Amino acid sequence: MKDISLIFLTGFSGSGKSTIGPLLANSLGYEFIDLDQAIEQSAGKSITRIFAEEGEPAFRLLELKTLQKLAGKTEMVVSLGGGVLERDECFSFIRENGTLIYLKSTPGALAKRLCHKTDRPLLLGDNGTRLSREEIERKITIILEKRETRYSAAELTVQTDTKRIGSTVEELTRKINRYIRQKEQYRQKKQSDNHADN
């Protein structure tokens with residue numbers, strides 16, 4: 001059963017999900033969960049280690065199982081890992097159970113934020129070496145093109161690379177509250193129409 005107050009934040013690694021998520025949850029008066037952190041807690045090891053020791057398919061399965069535990073939750077903001085939507089089961093679960101929000105950033109802005117990070121397995125070279133900023137930007141562009149169809153299926157999209165975090169959180173809070181209000185009004189109208197028909 002879809003609950004529009006179960007908010008899923010998606011976007012590429014570095015788009016601000018983990019930073020914006022807790023602030024947004026606080027602003028809405030909701031609970032916050034970082035899906036990657038929840039996976040690390042249940043697995044008892046870091047995502048980098050899961051990737052290295054068990055491979056990406058094992059990690060994606062853990063991701064799905066952790067997601068499914070959120071079914072039926074309300075008034076919660078969930079920060080998703082950048083690749084969650086690529087798995088059909090995860091994408092369907094999110095679409096059927098909550099509201100998807102896309103934090104959108106350009107490859108250039110993402111590369112600038114990510115070029116000093118060492119804990120992003122998808123942004124390392126084939127032999128685990130660190131890539132240059134230009135190589136990272138090229139890799140991000142390719143991955144983004146692959147994921148864009150899923151990202152753009154979000155109910156709400158907010159550009160995150162030109163605004164301060166505070167402004168982004170304010171804009172998101174406004175948009176979410178309006179979206180939930182509109183959905184609630186639509187649901188009530190539908191109910192009263194059904195009563196009128198009976």
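This is a predicted model: local features need pLDDT of at least 70, side-chain atom pairs count only at pLDDT 80 or more; totals for chains, interfaces and linings use all residues.
**View 1. Packing of helix H1 against helix H8**. Helix H1, formed by residues 17-28, packs on helix H8, formed by residues 165-197, with an angle of about 50° and axes 9 Å apart. H1 is therefore oblique to H8. The crossing of this pair is right-handed. On the H1 side, the contact is made by Thr19, Ile20, Leu23, Leu24, Ser27 and Leu28. On the H8 side, Ile165, Thr168, Val169, Leu172, Thr173, Ile176 and Asn177 take part. By residue class, the contact of H1 with H8 comprises eight nonpolar and five polar residues, and no charged ones.

View 2. When neighbours within four places in sequence are left aside, Thr173 is in contact with Leu24, Ser27 and Leu28. Leu24, Ser27 and Leu28 are among the H1 residues that form the contact with H8.

**View 3. Packing of helix H2 against helix H4**. Helix H2 spans residues 35-43 and helix H4 spans residues 56-68; the two pack at an angle of about 105°, with axes 10 Å apart. Because angles of 65 to 115 degrees count as roughly perpendicular, H2 and H4 are assigned to that class. H2 contributes Leu35, Asp36, Ala38, Ile39, Ser42 and Ala43 to the contact, and H4 contributes Phe59, Leu62, Glu63, Thr66 and Leu67. The contact of H2 with H4 contains seven nonpolar, two polar and two charged residues.

**View 4. Packing of helix H6 against helix H7**. An angle of about 130° separates helix H6 (residues 107-114) from helix H7 (residues 133-151), and their axes lie 9 Å apart. H6 is therefore oblique to H7. The crossing of H6 and H7 is right-handed. From H6, Pro107, Gly108, Leu110, Ala111, Lys112 and Leu114 meet Arg133, Ile136, Glu137, Ile140, Thr141 and Leu144 of H7. Seven nonpolar, two polar and three charged residues make up the contact of H6 with H7.

Technical notes. Residues are numbered from 1 along each chain as its sequence is written. Side-chain values use heavy atoms; hydrogens and water are left out. Axes are lines fitted to C-alpha atoms, for helices over the stretch in contact, and angles run from 0 to 180 degrees between N-to-C directions. Helices (H or I, at least four residues) and strands (E, at least two) are DSSP runs, numbered from the N terminus. Angles under 35 degrees count as roughly parallel, over 145 as roughly antiparallel, 65 to 115 as roughly perpendicular and the rest as oblique. A crossing is left-handed if the near helix is turned anticlockwise from the far one by less than a right angle, and right-handed if clockwise. Contact means heavy atoms within 4.5 Å. Ala, Val, Leu, Ile, Met, Phe, Trp, Tyr, Cys and Pro count as nonpolar, Asp, Glu, Lys and Arg as charged, and the others, Gly among them, as polar.
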